[in-house]
Amino acid sequence: MKTQLKADLMLILVTLCWGASYYLMDVALTDIEPFTLNAYRFLGAFVVAGIFTFRRLKGVNRKTLLYSLLIGSVLVFVYMGATFGVKYTSLSNSGFICGLTVIFVPIIEMIVFRHKPQKKIVLAVTMSFIGILLLALKDDFSVNMENLRGDLLCLLGAVAYAVDLILTERAVAHEDVDAFQLGVFQLGVTGVYMLVLSFLFEQPHLPSNGGILASVIFLSVFCTGVAFIIQAVAQQYTTAAHVGIIFTLEPVFSGIVAFIFAGEVLTVKAYIGAALMIAALFVTEVNPEKKKDGGADKENSPEKNAAGKIG
């Protein structure tokens with residue numbers, strides 16, 4: 001199996017966890033306030049990762065720590081937007097709008113780095129954008145004003161996460177940056193920020209019952225610790241734009257979870273949008289630029305090498 005395909009499958013698993021996280025956040029927010037929830041989530045993930053992978057974390061260098069500080073700071077805005085967004089809009093909307101990350105990655109790269117995206121990425125982004133509109137807008141294609149505050153917060157999270165993906169790609173392109181260490185230490189940075197904010201603006205307390213505690217533990221271990229470490233490692237073998245396309249599956253998964261556990265029903269228009277987003281993922285896996293001399297591996301394509309060129 002090709003290295004990039006393995007990385008993509010790992011990222012799809014991450015996306016599945018994040019799709020479920022919107023429902024779990026909604027459950028946890030009935031008892032715990034947003035900053036406090038994120039403090040538990042990220043510090044818990046950092047502690048668990050530190051305990052089980054302590055040997056791999058020893059000898060971390062300065063550059064890895066600096067990138068961890070930078071990316072962890074950006075994650076604060078990602079999860080401020082996502083968590084407060086879940087509080088003020090529907091589960092489906094929050095998942096769908098956070099999926100707009102796929103649109104902002106190539107836009108930011110084009111503006112900041114003057115990167116010209118591949119044609120298949122442009123096509124996939126366009127399909128994903130149409131899919132998200134079909135998923136998020138009302139049947140008459142108008143904006144749901146009741147959810148506008150939450151939708152805008154989710155939009156903030158989507159923009160911030162696009163920045164996170166690009167920064168992570170730049171970080172792991174450096175030979176002296178350890179992707180695994182980066183994935184762990186960024187959790188600690190984000191957790192510390194969230195803990196400070198929770199004491200400034202909230203009244204932190206422990207989960208009041210087993211259901212809330214279970215939600216916090218799953219969010220911490222699988223949706224945060226495992227997910228962000230996998231993302232950092234997998235991004236060594238693919239590009240930020242490609243990762244953004246894969247993460248368009250997040251709103252699809254969140255919609256499925258919202259239907260099963262919260263009873264949120266999608267319309268026919270929304271299902272068409274979900275199908276478009278899944279199709280966009282397959283578009284990114286097509287490699288029309290494959291060399292004629294025996295079939296060059298995907299790892300040697302311009303898309304794979306983009307990460308190295310950035311650094």
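The points below are grouped by topic. The model is predicted: local features need pLDDT of at least 70, side-chain atom pairs count only at pLDDT 80 or more, and totals for chains, interfaces and linings use all residues. Residues are numbered from 1 along each chain as its sequence is written, and side-chain values use heavy atoms, without hydrogens and water.

**Cysteines**
- The model has zero disulfides, a disulfide being a pair of cysteine sulfur atoms within 2.5 Å.
- The sulfur of C17 has its closest cysteine sulfur in C223, 5.1 Å away, which is too far for a bond.
- C17 is buried at 15% relative accessibility, and C223 is buried at 0% (buried: under 20% relative accessible area; exposed: over 50%; partly exposed: in between; 1.4 Å probe, protein chains only).

**Aromatic rings**
- There are 10 aromatic pairs (rings of Phe, Tyr and Trp, the last by its six-membered ring, with centres within 6.5 Å; planes under 30 degrees apart are stacked, over 60 edge-to-face, the rest tilted).
- W18 and F228 form a tilted pair, with ring centres 5.2 Å apart and planes at 55°.
- This pair links helix α1 (residues 3–28), which holds W18, to helix α10 (residues 210–234), which holds F228, across 210 residues (helices: DSSP runs of H or I, at least four residues, numbered from the N terminus).
- Both W18 and F228 are buried.
- Ring pairs join W18, F42, Y79, Y161 and F228 into a cluster.

**Surface**
- I260 is in helix α12 and is exposed, at 55% relative accessibility.

Conventions:
Helix = DSSP H or I, 4+ residues; strand = E, 2+ residues; numbered from the N terminus.
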